[in-house]
Amino acid sequence: MTVIVTGGAGFIGSNFIFHMLRTYPSYRIICLDKLTYAGNLATLKDVMDNPNFRFVRLDICDRQGVYRLFEEEKPDIIVNFAAESHVDRSIDNPEIFLKTNILGTQVLMDACRKYGISRYHQVSTDEVYGDLPLDRPDLFFTEETPIHTSSPYSSSKAGADLLVMAYNRTYGLPVTISRCSNNYGPYHFPEKLIPLMIANALADKPLPVYGNGLNVRDWLYVEDHCRAIDLIIHKGRTGEVYNVGGHNEMRNIDIVKLICQKLGKPEDLITYVKDRKGHDMRYAIDPTKIHKELGWLPETKFADGIQKTIDWYLTHREWWEEIISGEYQNYYKKMYEEK
Ligand code: NAD
Ligand code: TYD
């Protein structure tokens, strides 16, 4: 079995590659990644010499390049993680989100049609469902919840999802889609909430909480997401969407306070800053379908996962310090200094 994992030098894609190489020693895993600011070869250093692994630097929008790779490798399965993934960047500059997230998906699926595959899997997000009100804790996103996006990021992911379903219906492409809640764990890029707060707290820098900090996210340990995708590509029904989440809703402010407590840092580092434009209030996944059909359940409790994650950031300082010492500083200035 040959699997192409796009975006495998990023956060979830790299964790998925590690999971697949561990779980299926006979599979050939090819990582296709453009290495944008979010892609990092250092993340893949432990698998680079694995004879079952190949890294190819390529843009998923590069049709010729993608076709050439399909011709060479004759993949059976494509798992598409490659995306621009940060909501704040999408608010600042939407265009690259539409290019990579929608047109890149189209190129990959055209290659699948041309060369033939047994499965194309689209890694989507719960953000395509928009948000839920804080005063209705009884509401959850199911696979039937209408698509109703808020940010250019979520709109581009929703656009891609619609195209994936259209390729299934129109051309019979064997596709599946997963829509997962917020992930956390090792190799999470430090622009995102949890690693940003860990890095800032360790440097005794202000912890910038957007708005009133009461927005709710539904957090899942990254390895649980990887196991869900593994199950879907092997046992999921084609043409289907599977929501992935572990009923672990937390307010942003509580996450930040927990990180302060675990690192022994004072809560007065917390600074309330201008809210994100169009900020979604609450995400909450109903994972009944993937549980009933595929037997998936999360294995890592938040209390254990957050401890493992903090320990990982403490023992892998060189990985994230390298990132935040470079171009990231300009990003941080632009995004936070006028907030
Ligand atoms: P990430 O930003 O950490 O990684 C994205 C990777 O894609 C990087 O390695 C980057 O170099 C690569 N990439 C970007 N544009 C590319 C292009 N044009 N061609 C090839 N490679 C390109 O993102 P992540 O957090 O690992 O998210 C991965 C996927 O999972 C995304 O599709 C995202 O929408 C989805 N998702 C993320 C979360 C989350 O909490 N992080 C939750 C649900 C779904
Ligand atoms: P993020 O990690 O960007 O994920 P998403 O927006 O895709 O859910 O943000 C998680 C939550 O944390 C979101 O409600 C915005 C908030 N947030 C902050 O309060 N401060 C920050 O510096 C960042 C990056 C996020």
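**Entry 1: ligand 2**

I began with the shell around ligand 2, whose residues divide into 9 nonpolar, 5 polar and 5 charged, where Ala, Val, Leu, Ile, Met, Phe, Trp, Tyr, Cys and Pro count as nonpolar, Asp, Glu, Lys and Arg as charged, and the others, Gly among them, as polar. This is a predicted model, in which local features need pLDDT of at least 70 and side-chain atom pairs count only at pLDDT 80 or more, while totals for chains, interfaces and linings use all residues. Residues are numbered from 1 along each chain as its sequence is written, chains are lettered from A and ligands numbered from 1 in the order in which they are written, and side-chain values use heavy atoms, with hydrogens and water left out.

Of the 19 residues around ligand 2, I noted Glu127, Arg217, Arg276, His279 and Tyr336 as those that come nearest, a residue being near a molecule or strand if one of its heavy atoms lies within 4 Å of it. I then looked up polar contacts (pairs of N or O atoms within 3.5 Å; within protein, one must be able to donate a hydrogen and the other to accept it, and residues adjacent in sequence count only if both atoms are side-chain atoms). An oxygen atom of ligand 2 is 2.5 Å from a side-chain N or O atom of Arg276, an oxygen atom of the ligand is 2.7 Å from such an atom of Arg217, and a polar side-chain atom of His279 lies 2.7 Å from an oxygen atom of ligand 2. On its own ligand 2 has 510 Å² of accessible area, of which the protein covers 97%; such areas come from the Shrake-Rupley method with a 1.4 Å probe, and for residues only the protein chains shown count as cover.

**Entry 2: ligand 1**

For ligand 1 I found 28 residues around it, of which Ile12, Asp33, Ser85, Tyr153 and Lys157 come nearest, and by class this shell has 13 nonpolar, 11 polar and 4 charged residues. The side chain of Asp33 has an N or O atom 2.6 Å from an oxygen atom of ligand 1, a polar side-chain atom of Ser85 lies 2.6 Å from an oxygen atom of the ligand, and a polar backbone atom of Ile60 is 2.9 Å from a nitrogen atom of ligand 1. Taken alone ligand 1 exposes 840 Å², and the protein buries 97% of that.

I also checked the elements, taken as DSSP runs numbered from the N terminus (helices H or I, at least four residues; strands E, at least two). α1 (11-23), β5 (119-125) and α5 (152-171) each supply at least two residues of the shell around ligand 1, and β5 gives the most, with 3 residues.

At the start of α2 a side-chain oxygen of Asp62 reaches to within 3.3 Å of the backbone nitrogen of Gln64, and just after the helix Lys74 takes a positive phi of about 45°.

Not counting residues up to four places away in sequence, Thr100 touches Ile60, Cys61, Ala82, Ala83, Glu84 and Thr105, contact meaning heavy atoms within 4.5 Å.
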